[in-house]
Amino acid sequence: MKVLMFGWEFPPKIYGGLAVASYGITKGLSLQGDVQTTFCLPKPTGEEEKFLNIINMSQVPVVWRDKNYDDIRDRFVGHTAVDYYRFRDHLYADFNYLQGLDDLGCIQFAGGYPGNLHEEINNFSIIAGVLARSEDFDLIHAHDWLTYPAGVHAKMVSGKPLCIHVHATDFDRSRGKVNPTVYGIEKNGMDHADCIMCVSELTRQTVINQYHQDPKKCVAMHNAVYPLSEEYQAIVPNKTPDEKVVTFLGRITMQKGPEYFVEAAAKVLQRTHNIRFCMAGSGDMMNAMIRMAAERGIADRFHFPGFRLGAFRHRSSGGHAVRLSVYHLQAVGLRRDSEQRHQSGLLGYRRYGGRHLQHLHQRQSLSVSF
Amino acid sequence: MKQICLYFEIHQPIHLKRYRFFDIGKDHYYYDDYENERAIQETSRNSYIPALTAMLDMAKKDEGFKVAFSLSGTAIEMLEQYAPEVIDLLQQLAETKCVEFLAEPYSHGLASIGNEESFREEVQRQAKKMHELFGQTPKVVRNSSLIYSDEIGAVCADMGFKGMIAEGAKHILGWKSPHYVYSCAQDNRLSLLMRDYNLSDDISLRFGSQPITADTYCDWIAGLPEGEDVINIFMELVALGIFQPLSTGILEFFKALPACARARGLQFATPSEIIAKHKAVAPMECVYPVSWNDEERDTSCWLGNTMQREAFAKLYDEKVVGRILACKDRRIKADWDRLQASNNFRFMTTKPASANLYRGIYENAFDAFTNYMNILGDFLKRVRDLFSDQVENDELNALYTQITNLGEELSVKENEVSRLRARLEKYEAKEKAEAAAEEKPAAKPAAKKPAAKPAAKKTEAKKK
């Protein structure tokens, strides 16, 4: 079976959880043996693993340009110049009016999440039309709302079934105050999809209730877990005997509810003193959280070690990890949660009941209800 | 006769290093040695040494030039380590008798607002250091960045200082002129010298952009109304050479001042001389602290936002200060001095005026705060580990007094023991002599010895 997959991130260039999830699912499919994945990325680095075909959307032509093979042979990252000519044979409309076309007739992507994200999403779906005409595949798979329009377009062109993968909905990201444009894109994608894969039952319920989808086509498909690599397991926990460390791992952004962590820390520190809290990572709410910790008067026991380095070294300080989302704990963070579980206890807090803690080790998990 | 009072602050903060969360509990060294050495040597080379050399020349010429300095303890430590020639120059200046050294809190910190006990201790320590280095015991005090309020003034008066220098801030002076001597509103024994910020900033801030000649400057001073006889020009010493680079000709301006002043009948005087000569004309009310920083002239650049107040509250927590003052651990005391320096708080300011502020190694206020709190987290833990958390400061002090008293008692007893022992020896010697005289067998004195000792012990025990 051949899968045409649209994604926005892929390791080694990681912006958030989406990259890791995309890696996990494609790697899993490749191990099946009979599944061939073509993965479309806005801007690959060329250092991706080779078990799947990467298509560099920044180098797929949407406009015909006369190019000599010898001149452009070495310019491609991801797919090859041969692919380029195949794509060029399947142009379907005149896109010369587009801004930012390069000499190959391709649209450039900035990569990541730039300010003109909506424009990039639109461009992405334009290119998807070319791919849908030139590639041979049995199934379309689109990750998160950024690539839904591309998936829908490819389905329109090819008539092949569309499966969309809901890693998060805008209800989760905005705590219910959705961005209508984003909601519109998500709803359109779901309406056209033949199958909706949700990362948790909670997300599935959101899709059914907030996006009014047929429950029959929604399935909860939990992210899987890798055992800790030997490199990590080899680290000897370097505990300070008299102090415990509680770490928040994740982007410091609204979706993850960092302020609940600060409040919880303030409550704990009212009663006991031999605990340090550590908010690893960065994000748009970091400065607000620094101020908040200062306002609660716990800044001498509440620390901000910064991005990534903290996540790595936290293991060596051997404390508890808190990994959370306000709405769906295991949806976003399960992979790393479960890794953490190998070494340390895990705490989560929740606002809604449900099965979202089902994957966590019962004896070592603790949840704080608000 | 109008008198010009020149005063220069010499202070350099000890820069903290990038201290990570993972260092807490493991690394107790908080300083960026490279940056400290670089900063102090650059400052010395570009400012302190040329400025002080010029002043030494002026003082030796005997044109009536006088000047006052104060050094923060942290600056002295850095200078001693990295630029001892600056201390040498200051000592030579001290020998000319044209220079007065003022007292100030050792750490250049905010103890005056945070903790009175610690403030007193710091000022005394710094005054002692001034005496050691320059042979002068300061009679006039200045607080870090000229922070002053009635309460701080009263504390300083209580410590025996005759005068204090303060910012001539518009909002406390009102219609009054800074060119008189005032007294502290809570204690009139303390005279106040108010900084004339216009004339001071003409040199320290504006000299490069709006150059003036020494003639014009002295004309301005001479043109002040009759009776306004005290002109206080206070600034940081780095104004000569760093704020105003040497290329602006600031030193030439400065060297020309004594001659120009003399031509207009102006004198130079040190703060003590002014306080001795002029009586305070009125008390100066100042309920909230003023300082010489920023347009607001208050403490908002150190304590303006929640982060700064949180750091301040944690640093000057009563239990913490009590423990530090009570302890005898020199490293903790040294760290305490360095962490207090007001610059650490200044780095955390989020005031709009601070957009282009020099922030040392930090990217922004939040960075400065998180780094400082990491260090403080470690430091506070060390302090807490000194004594059990349950012990109150009072108990701690009581215990310490008890220990000191016991020590005194012991020394008294020891004196007694040695006195008795001396007497015993005398007695024995006498007995020996008698024995020798009577020519008895040599074994006898040896047998007598053990008998004499218990007797001596008994007397000791009785006296106890």
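Predicted model: local features only at pLDDT ≥ 70, side-chain atom pairs only at ≥ 80, totals over all residues.
**View 1. Chain A at a glance.**
Chain A holds 13 helices and 13 strands. Of its 370 residues, 45% are buried. Take the contacts in chain A with a separation of 6 or more: residues 24 or more positions apart account for 66% of them.

**View 2. The seven-stranded sheet of chain A.**
Seven strands of chain A form an open sheet with parallel pairing. Read across the sheet, the order is β3-β2-β1-β4-β5-β6-β7. Which strands are the edges? They are β3 (53-56) and β7 (218-220) of chain A, and each pairs on one side only. From one strand to the next, the twist averages 20 degrees. Helix α1(A) packs on this sheet. The helix touches β1, β2 (36-41) and β4 of chain A. Its direction makes about 160 degrees with that of β2(A).

**View 3. Where β4 meets β5 in chain A.**
Strands of a sheet pair through backbone hydrogen bonds, and the pairing can be parallel or antiparallel. Here β4(A) and β5(A) run parallel, joined by four bridges.

**View 4. Helix α5 of chain A, a covered helix.**
Helix α5(A) spans residues 144-158, which makes 15 residues. From first C-alpha to last, α5(A) reaches 21 Å, close to the 21 Å expected at 1.5 Å a residue. How many of its residues are buried? Twelve of the 15 are, so α5(A) is largely enclosed by the rest of the structure. Among the buried residues are A:D144, A:W145, A:L146, A:T147 and A:Y148. The buried set also includes A:P149, A:G151, A:H153 and A:K155. What covers these buried residues? The cover includes the helices α1 (17-32), α4 (117-134) and α7 (180-192) of chain A. It also includes the strands β1 (2-6), β4 (139-143) and β5 (162-166) of chain A. Just after the helix comes A:G159, with a positive phi of about 75 degrees.

**View 5. The five-stranded sheet of chain B.**
This open sheet of chain B has five strands and mixed pairing. The strand order is β4-β5-β7-β6-β12. At the edges are β4 (140-142) and β12 (283-284) of chain B, each pairing on one side only. Two bridges link β6(B) and β12(B) in the parallel sense. At this pairing, B:C184 stands opposite B:M284 in β12(B). Helix α6 (residues 150-158) of chain B lies across β4, β5 and β6 of chain B. The helix runs at about 85 degrees to β6(B).

**View 6. Strand β7 of chain B and its two partners.**
Strand β7(B) covers residues 191-195. Are its residues buried or exposed? Five of its five residues are buried, and the strand is mostly covered. Now look at the side chains. B:S191, B:L193 and B:R195 point one way from β7(B). B:L192 and B:M194 point the other way. One partner is strand β5 (residues 163-167) of chain B, which pairs with β7(B) in the parallel sense over five bridges. There, B:A166 stands opposite B:M194. Strand β6 (residues 181-184) of chain B runs antiparallel to β7(B), with three bridges between them. In that pairing, B:Y182 has B:L192 as its bridge partner. A hairpin of six residues joins β6(B) to β7(B).

**View 7. Two domains in chain B.**
Chain B is divided into domain 1, residues 3-284, and domain 2, residues 393-463. How far apart are their C-alpha centres? They lie 56 Å apart.

**View 8. The contact of chain A with chain B.**
Each chain has a part in this contact: 17 residues come from chain A and 17 residues from chain B. On the side of chain A that touches chain B, at least two residues each come from α11 (286-295), β10 (302-306) and α12 (309-317) of chain A. Which element gives the largest share of that side? It is α11(A), with five residues. By type, the residues of this side of chain A divide into six nonpolar, five polar and six charged.

Key: Residues numbered from 1 in each chain as written. Chains lettered and ligands numbered in written order. Buried ≥ 20, exposed ≤ 12 C-beta atoms within 10 Å, placed from the backbone. Pairing = 2+ DSSP bridges. Domains from an automatic or database assignment. Contact = placed C-beta atoms within 7 Å. Axes fitted to C-alpha atoms, helices over the stretch in contact; angles between N-to-C directions. Expected span 1.5 Å × (residues − 1). Nonpolar A, V, L, I, M, F, W, Y, C, P; charged D, E, K, R; others polar.
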